[in-house]
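The sequence and structure are shown first.

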Amino acid sequence: MGFTEERGIGGEFLNNNASDKRKGFIVPRGLINITILLVYILVIFSPIISMLIDTISYIFSGKEWIGLLVPSQRKWGLLFQSVVLSGLITVFSVLIGIIAASKFWEYKKGAGKLLKWLILLLLVIPPYIHTHAWGLFIDRINNVLSSLNFGTIVFQGFWASCFVETIAFLPITTGLTLLGMAAVDKELVDAGRITSDDFGVFRKIIIPLSMRVIAAGAGLVFLLSLIDYTIPSLLQFDLYALEIFAEFSATNEPVRAFLLSLPMIILSLTVFGFTMKGLKTINLSNLWNQASEGRSFKWPFWFSLLQKTTIGIFIVSVFVPIVSLVFEAESLRKFIDVVSASSQEFYVSILIAVSTAFISIVLAVLAVWAIGKKGIGNVWWVLIGVPLAIPAPLVGIGLISVWNRPGIIDIYGTEVMPILAGVIRFSAIAILVVYVYSSRISSLLMDAGKVFAKNRIKYFFRIRMPMMLPGLIAGFFFVFTLALGELGATLIVAPPGKTTLTMKIYNYLHYGGTETIAGLCLAVIIMTMVSGIIGLLSLGKKE
Amino acid sequence: MLKNIKRRIKMKFRSLIPVVIIFAVIGLAACQPKQVANKQQDENKKQEVVVYTSVDQVFSEPVFKDFEKQTGIKVLPVYDVEATKTVGLVNRLIAEKNRPQADVFWNGEFINTILLKDKGILASYKSPNASDIPANFIDADNKWTGFGGRARVLIVNKNLVKPANYPKSIYDLVSNKYKAERIGIAKPVFGTTATHVSALYAVLGPEKAKEFFAKVRDRKIQIVDGNSVVKDMVAAGKLDMGLTDTDDAYSAIKDGAPVDIIVLDQDEKGMGTLVIPNTVALIANGPTPETGKKLVDYLLSKENEARVLTDGWIDLTVRKVDAKPKTDKYNNIKSIKASFMDIYKQLEPAKKDMQEMFIK
């Protein structure tokens, strides 16, 4: 039964066959696509378009702009070291992600299955907590080394930044690799195992067939690490992204910051587009084939050792920050006090993160449907990549210029604004996750569903949506955790009197209330885990 | 048959749980704009005041709570954070110029307040509670008023540097007497460190100031992410000493760190150190100017200045208040001889130079 087709996601919607025509009025597909595209552009691109208009008027006003657009020697240097750092972070997180995913992939039941939670746990730990916790950890190692008269480890600069960011981005590459591997047709794997050893099958069948999704994850990590200056700055390593903030801080002119960020945006979009190219067409497989259990894989000793090492990296990466947070939180009483004193912040944060994730998922479902047969390699990768590449404060400033005006929709000054900021920044990630997950869904099942469903609406809600649900939930949690940690744009548009947990944590970082920070971070981790468990339990036994 | 139906209902119910949760939360969210759109909206607004502040939440929130208790006016604050590298609230105020959302800006420093005045964002208001504040802390057009203050100081790890070896001048930091890799300053392009650089530009002249920072760069003094990082590193013994603000230094002492605070350049020939007052301003065309004025009055009151001194946000006062400072170190502190306006004028060129020198 199983075979691999080269088809676009949602391709089944394109078949305007006789059975569809019998089932009622059909709106032309092109019209729906254009409508979805316009809605997406309206929601996501309005602040960016506003920034572009301001930029054009700035250029025509005769002010100096070429110097910003064409980097000086120093700025080229910054851009170069940013690219090298992001490149290495991408390579390391992809390599570790592939090896770890190959082990996680094997955990189908029992205690091993619980280890998959490490991915979610690692995802919910904010990057600055990694930096802080590893700093403390290295300090303790240095104390031991000093007492033994050895040299000490210097935890700053290029390699420290590379280390922390690789850990922070590991859940993205590992999660997407797992999704990619899950989309590989099991019958192909079984056929391969007849003629080749397991590692050969992994190298020659599983990895090549998952490579498009892995490449998409690599593109995403490259882009996200290129625009982030916070961790490298904490670890005393300067990047081009910091230069943009320095320019913004020195001149208070968002247009200058935008012009300065254009070389970085163009570069990151080029890489992002190149890695997304593979998603233009994706291998569809039959989901029911994935459910069957085969004999477990036999790996060469060295690879098995690498797998265990990467799982060890996950365990250590999760436990070092959590243990250090537990120590810093001082006592359970203190933890409860901190949490109860921040109930308002919890409410605001959950509201914003859940709404952002929900709207992003709705947009993702629509976008994946509109992408359809043409694949993500066309205009959509630009639409997905651009919002990811825009520095967060510029998104906030753009939102103010679009929405802070009287009118019928007077949403400025409400919680809708940070939600909108989150949707603009992160809905692209929801689209990618949903798109990749959709590749698992068998077109044969979909076609069968279409034949037997009474109408398109019932087909959509009773067949397509339940089959996509795990992908939607995965996308939901990706966006939920990212929105929970968003700061740059939220600070610019948060309604007065409403503070998010991240805003509070960063505010306390300056004051130095370590037990408060630790308590709040632990609470964020617990909260995300609990909501993750609720989401997964609601899926029943489905993976 | 019945079992089958039950199972199917159960399965459907399960898959509905996340949807129900999401809609419940969205529903709660939807309630909020409705409340805002309520008929009572205008009436409520008269009893509200929106304040944007760069003062740490831990210090400013209790002040707002007390103001609420005393006046019955609800305070809706927006707090800034150090991590946004001073591009947060100030740029929000600039972007909101055509339709301001804030009534009051309480800034932990002065330079961005002057910038906002330049951009036409502030309204003139002479608070009756500022009558005893010296004239040099009040803007000539009454667009802002200063009170209290912090100073730039050197924080030293007592376990690593003996008191006899404490530096006395900022120039000591670039002398060979101290190991450069054991000294730290925050990135001189952001926050109060950038203000400090501008002050040195104003008092020494751009050339000499640039020369000084070229030495800082060439000696490879540690350039770290912020003043709080300088404080943390000195407190942890990773650095011997570093330049920071008095509030950061005090928080290290409060945490029991083995540190000492040194006010630099205080001898007769010394140029003094930078003193950074808080500034309070009313926003032009803010939504509720009347409640805004009440909050400005409250923030500029002697009682509030005494309170934030006791709490540890400020270390210096601009007038005699009924509270004791934490230390006598700042009594009769000699401050840099440059006006706030002179320092402000140097900000952009100084930041540009520092960008070229230190971000690489």
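## A helix pair in chain A

In this predicted model, the crossing at which helix 6 of chain A passes helix 8 of chain A is left-handed. Helix 6 of chain A spans residues 117–124 and helix 8 of chain A spans residues 158–182; their axes come within 8 Å and cross at roughly 145°.

Helix 6 of chain A contributes A:Ile119, A:Leu122 and A:Leu123 to the contact, and helix 8 of chain A contributes A:Leu170, A:Pro171, A:Thr174 and A:Gly175. By class, the residues of this contact between helix 6 of chain A and helix 8 of chain A are five nonpolar and two polar, with no charged residue.

## Chain A as a whole

Chain A contains 25 helices and two strands. It has 543 residues, of which 52% count as buried. Of the contacts in chain A between residues at least 6 apart in sequence, 86% join residues at least 24 apart.

Helix 20 of chain A covers residues 416–438 and bends by about 50° at A:Phe426. This helix 20 of chain A is mostly covered, with 23 of its 23 residues buried.

## Domains of chain A

Two domains are assigned in chain A: domain 1 comprises 23–58 + 331–543, and domain 2 comprises 72–279 + 293–328. Taken over C-alpha atoms, the centres of domain 1 of chain A and domain 2 of chain A are separated by 22 Å. The contact between them involves 37 residues of domain 1 of chain A and 39 residues of domain 2 of chain A.

On the side of domain 1 of chain A that touches domain 2 of chain A, the elements giving two or more residues are helix 2 (29–60), helix 18 (379–389), helix 19 (392–403), helix 20, helix 22 (456–484) and helix 25 (514–538) of chain A. Helix 25 of chain A gives the most to this side of domain 1 of chain A, with 10 residues. The residues on this side of domain 1 of chain A that touches domain 2 of chain A divide into 24 nonpolar, 10 polar and three charged.

## Chain B and its domains

Chain B has 12 helices and 10 strands. Of its 360 residues, 51% are buried. Among contacts in chain B with a separation of 6 or more, 77% are between residues 24 or more positions apart.

Chain B is likewise divided, into domain 1 (45–148 + 276–326) and domain 2 (150–274 + 346–358). The centres of domain 1 of chain B and domain 2 of chain B, taken over C-alpha atoms, lie 27 Å apart. Their contact draws 12 residues from domain 1 of chain B and 15 residues from domain 2 of chain B. The side of domain 1 of chain B that touches domain 2 of chain B holds five nonpolar, two polar and five charged residues.

## A loop residue in chain B

B:Tyr125 is placed in the loop between strand 4 (122–123) and strand 5 (145–157) of chain B. B:Tyr125 counts as buried because it has 20 C-beta neighbours inside 10 Å, and 20 or more is the requirement for that class.

Apart from neighbours within four places in sequence, B:Tyr125 is in contact with B:Asn142, B:Leu282, B:Lys293 and B:Val296. The C-alpha atoms of B:Tyr125 and B:Ala284 are separated by 9.9 Å, although these residues are 159 residues apart along the chain.

Note on methods:
Residues are numbered from 1 along each chain as its sequence is written. Chains are lettered from A and ligands numbered from 1 in the order in which they are written. This is a predicted model: local features need pLDDT of at least 70, side-chain atom pairs count only at pLDDT 80 or more; totals for chains, interfaces and linings use all residues. The bend at a residue is the angle between axes fitted to the seven residues ending there and the seven starting there. Helices (H or I, at least four residues) and strands (E, at least two) are DSSP runs, numbered from the N terminus. A residue is buried if 20 or more other C-beta atoms lie within 10 Å of its own, exposed if 12 or fewer, and partly exposed in between; C-beta atoms are placed from the backbone. Domain bounds come from an automatic or database domain assignment. Two residues are in contact if their C-beta atoms, placed from the backbone, lie within 7 Å. Ala, Val, Leu, Ile, Met, Phe, Trp, Tyr, Cys and Pro count as nonpolar, Asp, Glu, Lys and Arg as charged, and the others, Gly among them, as polar. Axes are lines fitted to C-alpha atoms, for helices over the stretch in contact, and angles run from 0 to 180 degrees between N-to-C directions. A crossing is left-handed if the near helix is turned anticlockwise from the far one by less than a right angle, and right-handed if clockwise.
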